[in-house]
Amino acid sequence: RYSIRMQSKGESHELEITYRGSPWDNEQLCALPVLEASLREKVDPAMLMSIIRHISGFDFNYKGEKTGRGLLALDSGDGLAQIRTGARMLKAALDTAKSEEDAIAAFYPENSIQGLNAEWRKSPLKNGWVQDVLADIPFYRNNGLSHAQVGR
C-alpha cells in the first residue's frame, strides 16, 4: 500500500511517500505534521492532536466565533501552518502554566469566557472542554502519537 522514495543531497532531504488505499481523512492528514512540529517543540503530539480535534474537528476551513479560523481557530496562518504555530503555543503554555489543564485551557476557542490563571475552572463549558481534550489524549497515544516519539 505504500511506496517510499528518499533522496538526500547535503542538507536537503526529500521523503516521498505514496499511499494507495482508502482516502485519508483530515485527522490522518494532520498526524505527520503534528509529529514533526511536536518533535521540534518537544511537546506531546497526542495533546496537540486532541486540542485540534476539540477546536476544529480537523476542519481546515473552520471559522471561529470571531476572527479565528483554521485547525486551531487562529487569527493567522493557513492549513498545516497552524500546526507549527500551535506546537509553539503549546510549548509556551506548558512552560508557563501551573498544570497541563491550565495550558490546555489557554487554547479554548471562545475567548469571551476565557479566564485568567485557574479562573477558567469556574466556567462549566470551558472546564468540560478541557476535560474532553484530556480524555482523548490516551486515544492518540495508543494509536502511535506518544511522548517517546518526541524524545521526552
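Strands β1 and β2 make a hairpin, with two residues between them. In that turn sits Gly10, whose phi is positive, at about 60°.

β1 covers residues 2-9 and β2 covers residues 12-19, and the two pair in the antiparallel sense through eight bridges.

## Asp78, in a loop

Move along to Asp78, which lies in the loop between α2 (45-56) and α3 (81-96). Is Asp78 buried or exposed? Its relative accessibility is 55%, so Asp78 counts as exposed, the cut-off being over 50%.

Asn61 is 17 residues away from Asp78 along the chain, and the C-alpha atoms of the two are separated by 9.0 Å.

## Phe139, in a helix

Phe139 belongs to helix α5, which spans residues 124-142. Its relative accessible area is 48%, so Phe139 is partly exposed.

Which separation do the C-alpha atoms of Phe139 and Ala46 show? They are separated by 7.9 Å, although the two residues are 93 apart along the chain.

## How confident is the prediction?

Across the protein chain the mean pLDDT is 87, and 90% of the residues reach 70 or more. Among the chain's elements, α2 has the highest mean pLDDT, 96, while β2, one of the two hairpin strands, has the lowest, 83.

Notes
Residues numbered from 1 in each chain as written. Predicted model: local features only at pLDDT ≥ 70, side-chain atom pairs only at ≥ 80, totals over all residues. Heavy atoms only, no water. Pairing = 2+ DSSP bridges. Helix = DSSP H or I, 4+ residues; strand = E, 2+ residues; numbered from the N terminus. Buried < 20%, exposed > 50% of the residue type's maximum accessible area, 1.4 Å probe, protein only. pLDDT = per-residue confidence, 0-100.
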